[in-house]
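Please examine the arrangement of strands and the contact between the chains in the structure shown here. The account below considers the sheet, and then the interface.

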Amino acid sequence: MTTAGLTAAEMAAALRRGEVTPRQLLDDARAQVDRLDGSLNAFLARTDELADRQALRAAEMLRADAPAASPLCGIPVALKDVLCVEGYPTTAGSRILDGFRPPYTATAVQRLLDVGAVPVGKTNCDEFAMGSSTENSAFGPVGNPWDVERVPGGSSGGSAAAVGAGMVPISYGSDTGGSIRQPASLCGVVGYKPTYGRMSRYGLIAFASSLDQVGPFAHTVADAAAAYVAVAGHDPRDSTSLPDDVDDPGALLQRGVAGMRLGVPREYMGEGLEPGVRARVTEAIAVLQKLGANIEEVSLPSTDLGLSTYYIIAPAECSSNLARYDGVRYGRRVERPSLTDTLMRTRGEGFGNEVKRRVMLGTYALSSGYYDAYYRRAQKVRTLIAREFDAVFESVDALVCPTSPKVAFTQGAIQDPIQMYLNDALTIPVNLAGLPGISVPCGFSDALPVGLQVIAPRLCDARVFQVAGAYEQATGWHARRAPMVAAA
Amino acid sequence: MPLSPEEVAHVATLARLGLSDEEKRRIGAELDLILEHISALQRADISDVPETAQVGNLVNVWREDEPAQSLHQEQALAEAPDTDGQYFKVGAIQE
C-alpha cells in the first residue's frame, strides 16, 4: 500500500500512530515521481541527499516530541525551482541558470527544513515564473495530471502537477499574477497566495518584486493552512516582509460562513468565462449561500484595466530584476571579445522568448520619453484598482469568483501572447492590491477541474481559509484524485 | 503608432539583449500588439490619483548596522564563469 495521494494531515496522523515513518513517506513519494514524471516532467531536479537527511531528522523530532512537532514534520514537499536551496541546482526554468547552485538557502525553505519537512526536489516552471502554462520552461513543458496532453497552468505548473499527481501532498510556488492560484485551479488542487509581505522573498528568485509572493499547493484547505503557517512571518532579511503576527487560520477552518457577507464581483463573471467554469462557480456560490452566507453582487469597475496595468508594472520590474544575469558572478556566459558583446550574447542566448519579450516591454515602458505615459500611469491605475477593493470590503467580508476563466487547455493551443495573458485576468488584480487569495477545487467541466477563488482584505489571510474551508467541507471535490494517482 | 526597427534595436541595446534580426522583427510586432492592448490605460481617469509603488504599507524599514556572517570569498566566487581566484574576471571594457 502506498501513501501517495494522501493528504499531509493523513500522513501526519499515520506518522504519529507509528504506522509509517518519514523514510517510508519519502520512498513512496519517490516511487510516485519515478512512475509518473516521465509523462509529466514536473521535476527539474531531485534533492535526494537533503531529503534523506531530513527524513532522519524528522524521525528524531517525532520520536523526541511528536505532539509538539509541526504538522509538516516528516512530510514530503516539493519546491518550485525559483526557491534557492544551498548546493542544489536552481534554474528558474532558464538556460541562463543551467547548472547554477546557490550558495545559500531561501528563508521559506529554511523554515521548512527547521520543522522537519522533507524536500523531494525542485519543480518545473515557466522561465523566471513568466507564463500561464509552464510551456515557457527551457526544460520542456509539464503535463496536467488530469490529461497529460494539456497544460497544468503556470507559472508554478510543476508544483501544481506534483500535488495533483499525488507525488507530494504539499508543494510551494510563487504567485506574481496568479502563478499559484491558476495552476491550482487547472490541476484540481488548493493553491494559496498570501497577503503581500506575509512570506519572506529572501532566496526567491525575483520576477516582479512588488507582486511576488511564495505560497503553498495542497489537496485540502487545512493542509494549505498548515503549509502557510510553517513558512509565514517576518524575516529581517526581506525588508518588505511584514512585522505583524501571523494569525493561525486553523481555528477558523471549522467556523463556517453563516452570517458572512460574500461579494461576487460582476466583472469577474463576464463574457470571457467558459460556460463550464461559469456553471461550476455559480453552483459553488449557491453552496456558500446554503451554508448561511449572504451573497451580494458587487462591482470592481477597473478590473479590465488590471491586465494592462500588470503588463506594464511586472515587465518593468522584471527588466530591472533580470539585469543581474550578466554572466559575470554566476550563471551562463557566452564569451565575446568585448564586455558589451559578452553581455548581449549571454542574455540573448540565455533567455527564452517570453522573457525577452517582457524585458523588452519593461525596458521600453521605463525608457526616457515613455515613463510617464506607461509606468507612472500604470502605478496610478494600480492605486485605483486597490481602492476599489478597499471600497467593496466596506460592505462585504470576502469576495468569491472564478480563479481562471478557462479549464486546462491543450499544450501549444495558445500562441498569441495576449490570449495567454488573459488566463490571469481574474488573478492579477489581487496581486496588484497585495491581497490574500486562494483557489479551491469546485468541480469539473468536461472532466477537467474548475477552481473557485476567495479573496479577502489585506492581512485577513485567515478569513480566506475560513471561507474556502467551509466550502470544501460542504463538498467532496478535495477527495477526488486524478486517475493517474492510483497505481495501475 | 508601431515601433520602428530603430526603436526596437535601441530598446534591445538598453536592455543589453542580443537579438537576431528575426527576433527583432517578431518581438517588435508583438510589442505593437501588446502596447495597443495596454492603451486601454490611457482612458483611465487618474487625475489626483497618487502612484502605488508597493502594497506592503511599510515606511522606512531600518535595522541596526551590525556585523553578521556573510559569504566567504570562496563561496561567492564558486559559481562565477571566470575568476582569477580572488576576483570575478571579465573581458576588456576598453579597446
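Predicted model: local features only at pLDDT ≥ 70, side-chain atom pairs only at ≥ 80, totals over all residues.

Two strands are taken to pair if DSSP finds at least two bridges between them. Eleven strands of chain A form an open sheet with mixed pairing, in the order S1-S3-S2-S4-S6-S5-S10-S11-S9-S7-S8. Its edges are strand S1 (43-46) and strand S8 (294-298) of chain A, each of which pairs on one side only. From one strand to the next, the twist averages 30 degrees.

Strands of a sheet pair through backbone hydrogen bonds, in either a parallel or an antiparallel sense. S1(A) and strand S3 (residues 118-123) of chain A pair in the antiparallel sense, over three bridges. A:Phe43 has A:Thr123 as its bridge partner in S3(A). Across S1 and S3 of chain A lies helix H3 (residues 48-65) of chain A, which runs at about 155 degrees to S3(A).

The interface between the chains follows. In chain A, 54 residues are in contact with 43 residues of chain B. Helix H9 (303-321), helix H10 (339-350), helix H11 (353-366), helix H12 (372-392) and helix H13 (417-421) of chain A each supply at least two residues of the side of chain A that touches chain B. H12(A) gives the most to this side, with ten residues. By residue class, the side of chain A that touches chain B comprises 25 nonpolar, 17 polar and twelve charged residues.

Notes:
Residues numbered from 1 in each chain as written. Chains lettered and ligands numbered in written order. Contact = placed C-beta atoms within 7 Å. Helix = DSSP H or I, 4+ residues; strand = E, 2+ residues; numbered from the N terminus. Nonpolar A, V, L, I, M, F, W, Y, C, P; charged D, E, K, R; others polar. Axes fitted to C-alpha atoms, helices over the stretch in contact; angles between N-to-C directions.
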